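Here is a friendly briefing to read alongside the sequence and the 3D view. Please keep both open as you go.

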Protein chains: 2
Amino acid sequence: MTEIDRVPIRQVTEQGENETEDVVVRELSLTITLNNQEAATLLCSPTNLNYLAVGFLFSEGLIENKGEIEKITVDEGKGIVQVETKEDKGLDTKPLFKPLIASGGGRGTPFHSSASGQHQAKIKSQTTILPDEVFTLVNEFQHRSHVFKATGGVHSAALCDTKSILVFSEDIGRHNAIDKVFGECILRDIAIDEHIVITSGRISSEILLKAAKGKIPILISVSAPTNLGVRLATELGMTLIGFAREKRMNVYTNAWRVVTQKRG
Amino acid sequence: MTEIDRVPIRQVTEQGENETEDVVVRELSLTITLNNQEAATLLCSPTNLNYLAVGFLFSEGLIENKGEIEKITVDEGKGIVQVETKEDKGLDTKPLFKPLIASGGGRGTPFHSSASGQHQAKIKSQTTILPDEVFTLVNEFQHRSHVFKATGGVHSAALCDTKSILVFSEDIGRHNAIDKVFGECILRDIAIDEHIVITSGRISSEILLKAAKGKIPILISVSAPTNLGVRLATELGMTLIGFAREKRMNVYTNAWRVVTQKRG
């Protein structure tokens, strides 16, 4: 399924009207099951559904690595991804089914309702980055966000090292975009921890906790953080960079990882 | 509680670094209860929590009008709004607790997982609007979005007639912003149906169905719709306008309500 759709529109300007066509992003209702139990239904872009399912289950703490996965069945037409693990630990339905509804993509984990990082391990990575490395990564990131350019409606996320983008994804949901990145890393055996995540979207407490789950030391957004995002990044030892655009950025927390010169 | 917070940052540009301060939006974890049963936990901006709670319960079909409400208790510190109704119909937990996770603010109604408008009445309103009226409303709307301007992180929504904005709200979540508008209308006895809604956010299926719940004939976004948003607007007889900026707009569906001249 493609990410976009064409629809007839009437375009109206001061100069008059004309009947034309516009490109809109596609939205799919996707149900993810884990060992035949419904884990969640997401609204998402209809691409890389296997990555989305695996990344979502990882973010929710329901799977840890590729080795646990027995089988993934994607039925795009019906909007279902079925994930089976070798060992069925059973869905702890309590956290997943808690009716959390988020500002920008609700996720029912126990972290969210308390908006607290107390269950999350502090990030100890000594990874550092130069401002120029951030600017270069963000520049590459912006260039790759092609669906957004066409339709104005998609978020992007990427996993990077300090030199380049390793995994890139797009989705109508900023949470999904990060889950797709994590899912691809897991299925393609790319390490997540010690790496950098870039997101086009706002950094709320949920996004921050998702990155913390991946043990990401440096989280970069083209957009703004919220106060809880900043507070959690401080608590969890994560370097949070916002408004990274062109040749400027704001470092909100743990600025020691942004260095003017690298050792060695 | 104010909508914004000040945090220390390190600002980095090509010219160098300086320690300064930035404004970030506040994010509150709010639990809404209906007759002492937990209905949902939302991440939201900490303003007009009574409007948000009432609007949310309206959007979910749990309350219909102000007359049903007995008492609203807001505890901002604890992040709880308790709504009591005169008659306790009981929470039909099934739709609310369905683990829907949305692209941009999950809402657990039965509409979403099917992304179908079949349970929603078709909108028959004969309301029409001139292009210039749309441009004027959007212009006023953009000017009022002041928190967004300060922090780059907030969505706005408004209820209008064809001449002016009647109710305006802001929230970190685009769903919440509309719920706050609806909640204010209900509590201040302002009719919702036959009116126009403007939103700063993308029009996904969820947003479309929320507006349909309010029997809104004309839905205007400064941003893009999704393909499901367009499909549902067609099915439900709603006029969907996107990319309304300056003196231009795209009319995606039911363009007959956008007229060049008014009768009478």
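This is a predicted model: local features need pLDDT of at least 70, side-chain atom pairs count only at pLDDT 80 or more; totals for chains, interfaces and linings use all residues.

Residues are numbered from 1 along each chain as its sequence is written, chains are lettered from A and ligands numbered from 1 in the order in which they are written, and side-chain values use heavy atoms, with hydrogens and water left out.

**Chain A as a whole**

- Chain A has eight helices and 13 strands; helices (H or I, at least four residues) and strands (E, at least two) are DSSP runs, numbered from the N terminus.
- Of the 264 residues in chain A, 62% are buried. Here buried means under 20% relative accessible area, exposed means over 50%, and partly exposed is in between, using a 1.4 Å probe and protein chains only.
- Among the contacts in chain A with a separation of 6 or more, 52% come from residues 24 or more positions apart; a contact means heavy atoms within 4.5 Å.

**Helix H1 and its partner H6 in chain A**

- Ten of the eleven residues of H1(A) are buried, so this helix is largely enclosed by the rest of the structure. Among the buried ones are Leu49(A), Leu52(A), Phe56(A) and Phe58(A).
- The axes of H1(A) (residues 49–59) and H6(A) (residues 174–187) come within 6 Å and cross at roughly 95 degrees. Axes are lines fitted to C-alpha atoms, for helices over the stretch in contact, and angles run from 0 to 180 degrees between N-to-C directions.
- H1(A) and H6(A) are therefore roughly perpendicular; the cut-offs are under 35 degrees for roughly parallel, over 145 for roughly antiparallel, 65 to 115 for roughly perpendicular, and oblique for the rest.
- Residues meeting across this contact include Tyr51(A), Val54(A) and Phe58(A) from H1(A), and Asp179(A), Phe182(A) and Ile186(A) from H6(A).
- By class, the contact of H1(A) with H6(A) has eight nonpolar, five polar and three charged residues. Ala, Val, Leu, Ile, Met, Phe, Trp, Tyr, Cys and Pro count as nonpolar, Asp, Glu, Lys and Arg as charged, and the others, Gly among them, as polar.

**Helices H6 and H7 in chain B**

- H6(B) and H7(B) (residues 205–213) pack at an angle of about 5 degrees, with their axes 10 Å apart, and they are therefore roughly parallel to each other.
- H6(B) contributes Arg174(B), His175(B), Ile178(B), Asp179(B) and Phe182(B) to this contact, and H7(B) contributes Glu206(B), Ile207(B), Lys210(B) and Ala211(B).

**Aromatic pairs**

- Over all chains, there are four aromatic pairs. Rings of Phe, Tyr and Trp (its six-membered ring) pair if their centres lie within 6.5 Å; planes under 30 degrees apart count as stacked, over 60 as edge-to-face and the rest as tilted.
- The ring centres of Phe58(B) and Phe182(B) are 5.7 Å apart and the planes are at 90 degrees, so this pair is edge-to-face. Phe58(B) lies in H1(B) and Phe182(B) in H6(B), so the pair ties together parts that are 124 residues apart in sequence.
- Phe141(B) and Phe168(B) also form an edge-to-face pair, with 5.7 Å centre to centre and 65 degrees between the planes. Phe141(B) counts as buried at 1% relative accessibility, and Phe168(B) is buried at 14%.

**Cysteines**

- How many disulfides are there over all chains? The count is zero, where a disulfide is a pair of cysteine sulfur atoms within 2.5 Å.
- The closest cysteine sulfur to that of Cys160(A) is in Cys185(A), 10 Å away and too far for a bond.
- Cys44(B) is in no disulfide either, with the nearest cysteine sulfur, in Cys185(B), 18 Å away.

**Loop residues to look at**

- Ile129(B) sits in the loop between H3 and H4 of chain B and is buried, with a relative accessible area of 0%. Its contacts beyond four places in sequence include Leu137(B), Ile196(B) and Val259(B).
- Glu246(A), in the loop between strands E12 and E13 of chain A, has a positive phi near 50 degrees although it is not a glycine. At 70% relative accessibility, Glu246(A) counts as exposed.
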